[in-house]
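Subject: Structure handover

Hello,

Here is the structure we discussed, passed on for your own work. My notes on it follow below.

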Amino acid sequence: MKGSERSGRLSAEDWAQAALELIAEQGVAAVAVEPLARRLGVTKGSFYWHFPSREALLVAALERWEQFEQEEVFGQLEAIPDPGQRLRSLFTLVAHEARSHIVYSELLKALDHPAVRPVIERVSARRLEYLTASFRQAGLNRSDAQHRARLAYAAYVGFLQLNLQLQQPRLQHDEFEAYVEHMMATLIPS
């Protein structure tokens, strides 16, 4: 599709999604107007129609990622009444959502960026609150639920660190599934 044909249809959401994809591929520092315009097949003018600056685009991309996380991940789980099954579904869903892991890992590398830090802080707080509430509903007292939530979240971040940031060899499918099952058996109260 030619840039002139596409430019009329390109939205701010398209730009934000493209920026998010670039973050996943190359990190936060790679988000720049010209490469994104080339990728989208449009001129830089299309960008400036929607955003006043690169920072505004980055904020929009981070908001898009944060919103997806809240609506798609947590939203899918609300209909599951049993807290143990909800936790199992959460762990299974998160374990198989590779793209979100990559974006999160790249954002952790860019915590010194002023637009990234508040988003990671909000997402992490929301994740820990959700885990704590779920573990409480599964029968743990407040203190144990908080500890279990931190342990589960630390296991998630640690696994990302090992696999994405430190470029450890990827686990074979069966080995990964066994790991996920072991983690659920270890962390989810029966």
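The C-alpha atom of Glu72 is separated by 26 Å from that of Ala29, and the two residues are 43 apart along the chain. Please keep in mind that this is a predicted model.

Overall fold

The protein has 10 helices and 0 strands. Read along the sequence, the pattern is therefore α-α-α-α-α-α-α-α-α-α. The C-alpha trace spans about 60 × 30 × 30 Å along its principal axes. Of the 190 residues in the protein, 40% are buried. Taking the contacts with a separation of 6 or more, 67% are accounted for by residues 24 or more positions apart.

The packing of α2 and α5

Two packed helices are described by the angle between their axes and by the distance between those axes. For helix α2, residues 12-26, and helix α5, residues 54-77, the angle is about 80° and the axes are 8 Å apart. That makes α2 roughly perpendicular to α5, because angles of 65 to 115 degrees fall in that class.

Which residues of the two helices meet? On the α2 side they are Glu13, Trp15, Ala16, Gln17, Ala19, Leu20 and Ile23, and on the α5 side Leu57, Leu58, Ala60, Ala61, Arg64 and Trp65. By class, the residues of this contact of α2 with α5 divide into 10 nonpolar, 1 polar and 2 charged.

The largest pocket

Rolling a probe the size of a water molecule over the atoms shows where empty space is left. In the largest pocket, that space comes to about 730 Å³. The lining of the largest pocket consists of 32 residues, and the closest to the pocket centre are Val94, Ala95, His96, His101 and Tyr156.

Which helices supply at least two residues each to the lining of the largest pocket? They are α5, α6 (83-95), α7 (98-109), α8 (116-137), α9 (142-165) and α10 (173-187). Helix α9 gives the most to this lining, with 8 residues. Sorted by class, the lining of the largest pocket has 22 nonpolar, 5 polar and 5 charged residues.

The second largest pocket

The second largest pocket holds about 200 Å³ of space. Its lining is made up of Gln17, Leu20, Glu21, Arg64, Trp65, Gln67, Phe68, Glu97, Arg99, Ser100 and Val103. Two or more residues of the lining of the second largest pocket come from each of α2, α5 and α7. The largest share, 4 residues, comes from α5. The residues of this lining divide into 4 nonpolar, 3 polar and 4 charged.

Ile102 is found in helix α7, and Ile102 counts as partly exposed because its relative accessibility is 27%. With a relative accessible area of 46%, Ala98 is partly exposed. Ala98 and Ser134 are 36 residues apart along the chain, and their C-alpha atoms are separated by 23 Å.

Is Glu175 buried, partly exposed or exposed? Glu175 is partly exposed, with a relative accessible area of 46%. Glu175 is found in helix α10. From Glu175 to Ala19 the distance is 33 Å, C-alpha to C-alpha, and the two are 156 residues apart in sequence.

Regards

Conventions. Residues are numbered from 1 along each chain as its sequence is written. This is a predicted model: local features need pLDDT of at least 70, side-chain atom pairs count only at pLDDT 80 or more; totals for chains, interfaces and linings use all residues. Side-chain values use heavy atoms; hydrogens and water are left out. Axes are lines fitted to C-alpha atoms, for helices over the stretch in contact, and angles run from 0 to 180 degrees between N-to-C directions. Angles under 35 degrees count as roughly parallel, over 145 as roughly antiparallel, 65 to 115 as roughly perpendicular and the rest as oblique. Contact means heavy atoms within 4.5 Å. Ala, Val, Leu, Ile, Met, Phe, Trp, Tyr, Cys and Pro count as nonpolar, Asp, Glu, Lys and Arg as charged, and the others, Gly among them, as polar. On a 1 Å grid over the protein atoms alone, a cavity is a set of points where a 1.4 Å probe fits but cannot get out, and a pocket is an open set with protein on both sides within 12 Å along at least five of seven lines; lining residues have an atom within 4 Å of a point. Grid points are joined across faces, edges and corners, and a volume is the space filled by probe spheres set on the points. Buried means under 20% relative accessible area, exposed over 50%, partly exposed in between (1.4 Å probe, protein chains only).
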